[in-house]
Amino acid sequence: MTPYRLNGFFKRFGLSVLAVALTALAAGAAQKVPIAFDDYHGYPATAKYLKDVAAAYPQITALLEIGQSTMGRPIYVLVVSNMKTGTTVDAQVPLRNPRSEGVKNVTPMKPYMGKPGQWICGATHGNEYTGSEVCLYTIDKLVTGYGVDKETTALVDTKTFYICPIVNPDGVFNSLEKGISQRQNSMLRDDDGDGRINEDGPDDLNGDGLITQFRSKDPKGAFVVDDADPRLMVRVRPNDKTEKERWSVVVEDKDNDGDKRRGEDSEAGIDLNRNFPEGWWNDQGFAGGSGDYPTSAPESRALAEFFVTHPNIFMAQFYHTSGGFTFRPLGTAPHTRLHPQDVAVLDFIMGKKYLETIGEDVPEAWKNPAAIPALREELRKTSKNKYAIERGYELPRGWTVSYDEVNDRRYGFGMTTDWDFLELGVWSITTELWNPAKDIPGLPRVAGAEGVEGDDERPEARLALERALLKFQDEKYGGKLFLNWKAFKHPELGDGEIGGWIPRYSSNAWPGEPLAGVCDKHFRFETFRAGLLPDVVITEAKARLLYKSESAREATAVAAGGEVRIKKGGAKGKYRIVEVTAVVENKGPLATHTARGSTLRGNREDVVWLVGDRGKVTFLQGTPYQRLGVLDGAMKIPGSGGGEGGGMRAGGPGAPAEESMTPPPQFRRRGGLPGPTQVRQGGARREVRWLVAVEGDSPLKIVVSSQKGGTRVQDVKVQ
Ligand SMILES: [Ca+2]
Ligand SMILES: [Ca+2]
Ligand SMILES: [Ca+2]
Ligand SMILES: [Ca+2]
Ligand SMILES: [Zn+2]
């Protein structure tokens, strides 16, 4: 058994069937820090695992504490990247203002911040910890695959993974360690104004270590007992007619403070996925509201600060449960707020791959964008969704938006994904992990039950699925995921029964084979996305000696007929007039900014510097740094209309009206001589050129820096 197995449920009940099945999943010999997925790790074991991995793999990992929860539990991010590779602008380009030199309190960038970054996190909602396991699985695959698997090694060398398994430590701790399912963060609450804080959370009434449900007969109840399996409760609406006896079902709880109410002022506080500074509104009516102001919760504050101070993050995944589908942006606004090219990348590239990964049908339009005009005409006759008609396709179940397109209504507010995408220009998505109808190997298929969420949605399929799940856990899990109902006398509600699905397992991937399967699928999808990141490199760099002189002044550049010539003076001397040329290319599939990101003032376009000793290098033509705009990617974006690459300026219908990054200026230097256009716009490639006077053998280097596409440096030798 591995050291990271929880002393939780399985130990208590013993689980022979799974134990056999899980041996295959357990630690391989190559793991310095063994990990298995036969139960959820929860906060303490996750924290220990991260520390052990950071200690065992110092060359490719670093553990950061990015903040603390309201209850003081650290929020950890494990950086996975080759710590010996990568460089940053501040390490390569000396300060240009002498007065700024020697300033204090400047935080230097870490080398890994100079590589394209991918953020992956789980458990923003405390009771949705399947994503934490996917994070741990991803870490394990990356660290054990490094130096073994070619693709993994390349990713760890050239990219930076920021992996935060538990965004909401208190919610996860309470859900798993205390058994009290908690979506929100923790908060000191006194909503009822009685002066008592957190006085009436759920209670383990029967002392079995679990918070389950209490059911009792109630003429006004919203449930009846299922005919096929009397352990299951079936929801009926209060006004629906039924011949059967009605029951009410409540969480296991009593009135702790004798105020005749149960469950007031539990520890559950703010919904962290409503507390971000985009489309935020103050909603105190919402259960676990959006907070007093954006990032008022320490957990969302920690994330927001981390994103702002790590601008190399270009991919982001926020794992939630459940359903087995992905919310791509946006939730707060329709797709008209997005650039069509961003939509094309999201749907045709990422969405297509995601649907293939989870085994669902890819829309015709994504496979064959040329058919979109015809598909649009067809939709005009059949669809009530004006946005689908515009696009030429309905979004499939597996890759969709939370925005309600049919009724033109926003779903949420203050959500991480929208903030990231709209305000930072990050390819951010939220995957709702766990589709029990599909993710449990060996479970009989239940028609129409895939990804059913609420009780109101396809109730027959939902019930059929629940029956199948209950039977499956009877047979394959020894009945341990469901507590059979037992008579209990509730102190306030009287006679009834305690039992039901054990919350620990009810909306998260079942441990063992199902969980490991979910982890592996999503690990593969996110490494596919990592492979889409831009990769800005210097493919050519030359410094050609044009002329030697005694004095830098003698070497004057003149422009004639589009060419630059050196006006000759003396023949020998200590100054060398040098032409430096470089080719900078983005070898990665995607452009260095999203179309949205290229319109944001907070983002920087790609830049190249020629760096030399300030006292010994005089720029005759070209400035020390040259702006490159946004480098396109190598990938053809289907259906984007712009032909090849991720051309940032290919404005289409619905393109945002905001101003794009400005093209580089025409340099005017040295006595008003018009410089040639130094930088060619468009495409994935830029050629740059400088003319400099260099004193003696003073060295030169070229530094190219893309905020999200990486920073590279190359020395140039004068020839
Ligand atoms: Ca109170
Ligand atoms: Ca209570
Ligand atoms: Ca209990
Ligand atoms: Ca009470
Ligand atoms: Zn969630």
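The model is a predicted one. The protein chain contains 17 helices and 27 strands. Of its 719 residues, 48% count as buried. What about contacts between residues at least 6 apart in sequence? Among these, 73% join residues at least 24 apart.

In soluble globular proteins, nonpolar side chains tend to be buried together. Here, the largest nonpolar core has 145 residues, and the ones with the most contacts inside it are Leu78, Val80, Ile163 and Val692. Helix α9 gives this core its largest share, at 10 residues. There is also a second, separate core of 5 residues, with Val446, Ala449, Leu465 and Leu469 among them. Back in the largest core, Val80 is worth a look of its own. Setting aside neighbours within four places in sequence, Val80 is in contact with Ile60, Thr61, Ile139, Leu142, Val143, Val156, Phe161 and Ile163. Ile163, then, is both a contact of Val80 and one of the residues with the most contacts inside the largest core.

Helix α8 makes a handy example for checking geometry. It covers residues 298-309, and at 1.5 Å a residue its 12 residues should span 16 Å; the end C-alpha atoms are 16 Å apart, so the two agree. Which residues of α8 are buried? They are Glu299, Ser300, Ala302, Leu303, Ala304 and Phe307. An α-helix has 3.6 residues a turn, so residues three or four places apart point the same way.

Now for a sheet. Four strands make up an open sheet, running in the order β22-β20-β26-β27, and their pairing is antiparallel. The edges are taken by β22 (625-629) and β27 (710-716); each has a single partner strand, so one side of each is left without a neighbour in the sheet. From one strand to the next, the twist averages 15 degrees. Inside the sheet, β20 (residues 606-612) pairs with β26 (residues 700-706) in the antiparallel sense, over 6 bridges. To pick out one bridge, Trp609 has Val703 in β26 as its partner.

A cis peptide bond links Thr321 to Ser322, with omega at about 0 degrees. Ser322 sits in the loop between β10 (320-321) and β11 (325-327). Another cis peptide bond joins Pro329 and Leu330, this time with omega at about 5 degrees. Leu330 belongs to the loop between β11 and α9 (340-358).

Two residues have a positive phi although they are not glycines: Asn198, at about 45 degrees, and Lys260, at about 70 degrees. Where do they lie? Asn198 is in the loop between α7 (169-177) and β5 (213-217), while Lys260 is in the loop between β8 (247-251) and α8. Are they exposed or partly exposed? Asn198 is partly exposed, since 17 other C-beta atoms lie within 10 Å. Lys260 is exposed, with 7 other C-beta atoms within 10 Å.

Methods. Residues are numbered from 1 along each chain as its sequence is written. Chains are lettered from A and ligands numbered from 1 in the order in which they are written. This is a predicted model: local features need pLDDT of at least 70, side-chain atom pairs count only at pLDDT 80 or more; totals for chains, interfaces and linings use all residues. Helices (H or I, at least four residues) and strands (E, at least two) are DSSP runs, numbered from the N terminus. The expected span of a helix is 1.5 Å times one less than its number of residues. A residue is buried if 20 or more other C-beta atoms lie within 10 Å of its own, exposed if 12 or fewer, and partly exposed in between; C-beta atoms are placed from the backbone. Two strands pair if DSSP finds at least two bridges between them. Axes are lines fitted to C-alpha atoms, for helices over the stretch in contact, and angles run from 0 to 180 degrees between N-to-C directions. A nonpolar core is a set of buried Ala, Val, Leu, Ile, Met, Phe, Trp, Tyr and Cys residues joined through C-beta atoms within 7 Å. Two residues are in contact if their C-beta atoms, placed from the backbone, lie within 7 Å.
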